[in-house]
Structures are given as structure tokens and as C-alpha cells.
Amino acid sequence: MKCDINGTKHDFSSVYLSAQPSSRKEQLRSINKDKILKEHAITGGDFNCVEDCDLDIKYPARGGATYANAGGKTLARTMADCGMIDAFRLVHGDSKAGYSRLAHTIHTRIDRIYTQAHASVWRWQQIGSPQDTFPKGLVGRGVRGE
């Protein structure tokens, strides 16, 4: 979707990847094959997988839960190939926070916003605590003149 902001056109997209691992992998193949994502768009979504299992998954209780992260590496490669970066990581680096799915035995960052990795006209900043559910915790602001 294109939006005009202060006289400049910007691309935005929304993605939902299936909670079913086999369907998610097929959706990622289709996204890559059909080049659905626009380079340098701002993309938000419920991806149902994480880029980095060490940073984006937390096991708060001892219960033996494990997270099947089918498609996570493919998604990370897809976004990087489109010139995008996880906005939370851009602001917070390698912090283990910002989980968007909070279950008793597992917390995950399956909901994210991606932004242009380099030379972006957007500046991202945290509002509230990084412990908040992520999509409510960051705001992007266009920088005038860029």
C-alpha cells in the first residue's frame, strides 16, 4: 500500500504467516517467488516465527516447552534481501525483551515491524517500556528534508 506523507510516497505492507509450520514455509516460498514485499517498505506482521531463537524466545517457567521456529531463517533472509531490518533490533540491539506473545511456558517476538535498514527517512524510538507488547512500543517518525 502506498501512502503520501508530507508529499512523499511511502510503501507499507502487512503480513500474516500461518501458525502451521508447513503452511508458513509455503507462504514464504510464495512471497519470495512472487516478490510480494517491496524493497524498503515498512512491513508489519504476525510472522509466527522469530529471526533469532536466542534473543526472541524466552522460557519463563520450567515446563519443557520448545518452540518450533519453522521459517525463521528464511524470513530473516527475505527481509534482509529487501533491505529491511527489525525495527525493535534497530532501537534495542540484542536485548531480550519486547515479546509479543506471552504464554505461561514461553514468550516470543512473533509480531514485528520491519523498516529500511540503510538511509531511511524514518527514525524509530521507544515509547513506554521495551517490556510492552512490541507493536505498541515503537513509533516511527519521518524526518523532514530526507
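User: Why is F47 called buried?

Analyst: The model is a predicted one. F47 has a relative accessible area of 0%, and buried means under 20%; F47 therefore counts as buried.

User: Why is Y114 called buried?

Analyst: The relative accessible area of Y114 is 0%. The limit is under 20%, so Y114 is classed as buried.

User: What makes F47 and Y114 an aromatic pair, and why is the pair called edge-to-face?

Analyst: Their ring centres lie 5.4 Å apart, and rings pair if the centres are within 6.5 Å. The planes stand at 90°; because angles over 60 degrees count as edge-to-face, the pair receives that name. A search of the whole structure finds one aromatic pair.

User: Which parts of the chain does the pair link?

Analyst: F47 is in the loop between β3 (42-46) and α2, while Y114 belongs to strand β8 (residues 111-116). The two are 67 residues apart, and the pair thus links distant parts of the chain.

User: What makes up the largest nonpolar core?

Analyst: Twelve residues form this core, among them F47, Y114, I31 and L37. Helices α1 (21-33) and α3 (72-81) each give two or more residues to it. Apart from it lies another core of six residues, including I113 and W122.

User: How do you know where confidence is highest and lowest?

Analyst: Mean pLDDT is highest in helix α2 (residues 53-56), at 93, and lowest in strand β10 (residues 138-142), at 60. The protein averages 82, and 87% of the residues score at least 70.

Methods
Residues are numbered from 1 along each chain as its sequence is written. This is a predicted model: local features need pLDDT of at least 70, side-chain atom pairs count only at pLDDT 80 or more; totals for chains, interfaces and linings use all residues. Side-chain values use heavy atoms; hydrogens and water are left out. A nonpolar core is a set of buried Ala, Val, Leu, Ile, Met, Phe, Trp, Tyr and Cys residues joined through side-chain atoms within 4.5 Å. Buried means under 20% relative accessible area, exposed over 50%, partly exposed in between (1.4 Å probe, protein chains only). Helices (H or I, at least four residues) and strands (E, at least two) are DSSP runs, numbered from the N terminus. pLDDT is the predictor's confidence in each residue, from 0 to 100. Rings of Phe, Tyr and Trp (its six-membered ring) pair if their centres lie within 6.5 Å; planes under 30 degrees apart count as stacked, over 60 as edge-to-face and the rest as tilted.
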